[in-house]
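Take your time and trace each element as it comes up.

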Amino acid sequence: MVVPYKHEPFTDFTVEENRKEFEAALNLVKGELGKEYPLIIGGEKIMTENKIVSENPANKAEIVGYVSKADQELAEKAMQSALKAFESWKKWTLEARANILFRAAAIIRRRKHEFSAYLVYEAGKPWKEADADTAEAIDFLEYYARQMIRMKDGVEINSREIEHNSFKYIPLGVGVTISPWNFAFAIMAGTTVAPVVTGNTVLLKPASTTSVVAYKFMEVLMESGLPEGVVNYIPGSGSVIGDYLIDHPKTRFVNFTGSKEVGLRIYERAAKVQKGQIWLKRVIAEMGGKDTIIVDNDADLDLAAESITYSAFGFSGQKCSACSRAVIHEDVYNEVLEKVAARTKELSVGPTYMDNSNFMGPVNDQSAFDKVMNYIEIGQKEGKLVAGGEGDSSEGYFIQPTVIADVDPEARIMQEEIFGPVVAFAKAKDFNELLAIANNTEYGLTGAVISNNRDHLERAREEFHVGNLYFNRGCTAAIVGYQPFGGFNMSGTDSKAGGPDYLLHFLQPKTVTDQF
């Protein structure tokens with residue numbers, strides 16, 4: 001019997017002991033900054049001359065680490081290592097593979113604050129967001145291990161007197177995991193171990209700006225007893241090794257989380273059958289969103305304001321689930337806007353690696369800073385700036401949380417993913433229009449409805465076209481095993497990470513008939 005798993009608890013930083021422990025972890029990690037890190041291919045640590053420079057986005061003069069950079073020759077070496085490892089790894093029992101994940105989860109749990117401290121330094125996360133990221137990584141390990149054990153006997157199908165039929169799952173082969181920088185630990189870990197526990201081998205290409213925390217995860221996997229070559233750590237340029245591995249005839253699947261533009265490019269390249277390729281590659285893609293919270297005229301307006309503010313500005317809006325659109329009934333529009341603007345102006349912005357007083361840290365890097373500031377400029381032409389609008393990249397990449405009101409539903413800042421601390425407000429005359437505006441983008445990831453009208457909620461249940469829909473709460477913070485995560489349309493393949501059927505993306509079913 002598999003023991004049910006309850007998600008990893010979050011740390012309460014109002015408790016002095018917890019604060020001191022986290023400060024100690026920050027000091028520990030500070031002493032590790034500036035180190036050089038190798039690639040890991042087939043268990044071999046390989047230093048390269050070309051390095052990725054990972055900086056602290058809250059203090060860009062501070063280098064978190066120098067990470068070796070793979071080229072095509074090393075990518076091919078990693079592919080051959082993964083192919084070799086697959087031949088033995090696929091024969092391990094499901095329980096044995098799951099035990100690797102259980103042990104890794106236990107190691108991370110004992111070093112939880114250390115990993116969260118790396119996220120503070122390398123991803124610029126506030127303590128609370130970093131702690132949640134690490135907790136989610138643990139959740140993915142525990143949940144997928146249990147899901148794998150549940151699947152060990154396959155699925156019961158019908159047999160006849162003259163035969164016995166079995167239906168079981170087998171792994172696919174070698175896959176490429178391309179992980180994002182915003183959930184640098186949780187998504188990176190989850191998209192790596194799901195294919196691994198199902199018996200596949202993986203080439204892990206983490207986001208360049210957060211490749212140090214990915215290396216620290218590799219250390220945990222090796223300590224946990226993962227055989228050499230099952231996961232190969234190969235940070236590098238997408239145009240140099242990403243395309244090479246996506247096109248590779250031996251690549252069986254690509255597990256990607258990132259922007260729509262990159263996801264579509266991967267989907268298109270993976271669809272082409274290369275010389276020597278004998279299968280159709282699978283693409284598992286989570287590609288972002290343009291997420292809406294709608295508020296009707298029968299809602300708790302304080303709850304609405306709180307939900308919009310937290311969902312829009314948590315981790316500086318750098319979540320594919322973040323609320324970037326608030327669509328409000330005209331009867332309560334002004335009141336909700338005023339409440340959100342007032343809350344937004346109270347939010348503090350600044351470095352989080354020194355203390356926990358700032359609600360928001362920096363955005364990811366110079367490119368992200370420039371992109372968000374450009375959208376704020378566009379937004380001021382499309383609507384009325386009521387809060388924020390300012391940025392400062394002199395020391396770190398800081399942008400004030402920004403609210404833009406009176407925006408047309410078809411405006412650019414209502415349609416294009418910004419991935420920063422910007423929320424646009426639009427009004428609607430009735431619930432029909434609220435739903436119509438909520439559904440008027442090419443995305444379909446998350447959404448929320450704030451209402452005390454049960455008829456409206458039930459209509460939204462059927463008509464609000466998103467993969468994750470929430471009633472009377474914000475549209476972020478899905479928990480593994482509780483709110484399986486993934487979206488419709490241009491938000492990706494709706495693969496539902498942290499859900500009961502996620503592992504099936506990395507398996508193929510095989511029917512065997514034994515006739516008597």
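## A β-α-β unit

Strand 12 (residues 291–295), helix 10 (residues 301–313) and strand 13 form a right-handed β-α-β unit. Right-handed here means that, with the strands pointing away from the viewer, the path from the first strand over the helix to the second runs clockwise. Helices (H or I, at least four residues) and strands (E, at least two) are DSSP runs, numbered from the N terminus.

This is a predicted model, where local features need pLDDT of at least 70, side-chain atom pairs count only at pLDDT 80 or more, and totals for chains, interfaces and linings use all residues. Residues are numbered from 1 along each chain as its sequence is written, and side-chain values use heavy atoms, leaving out hydrogens and water.

## Strand 13 and its partners

Strand 13 (residues 323–329) has seven of its seven residues buried, that is, under 20% relative accessible area with a 1.4 Å probe, protein chains only. Strand 13 pairs with strand 12 in the parallel sense over five bridges; pairing requires at least two DSSP bridges. Val-295 has Ile-328 as its bridge partner.

Five bridges also join strand 13 to strand 18 (residues 422–428), again in parallel. There, Ile-328 stands opposite Lys-427.

Elsewhere, three strands make an open, mixed sheet in the order 1-5-4. Strand 1 (35–37) and strand 4 (51–56) are at the edges with a single partner strand each, so one side of each lacks a neighbour in the sheet.

Strand 1 runs parallel to strand 5 (residues 59–68), joined by three bridges. One of the pairs is Tyr-37 with Val-67.

Methods:
Buried < 20%, exposed > 50% of the residue type's maximum accessible area, 1.4 Å probe, protein only.
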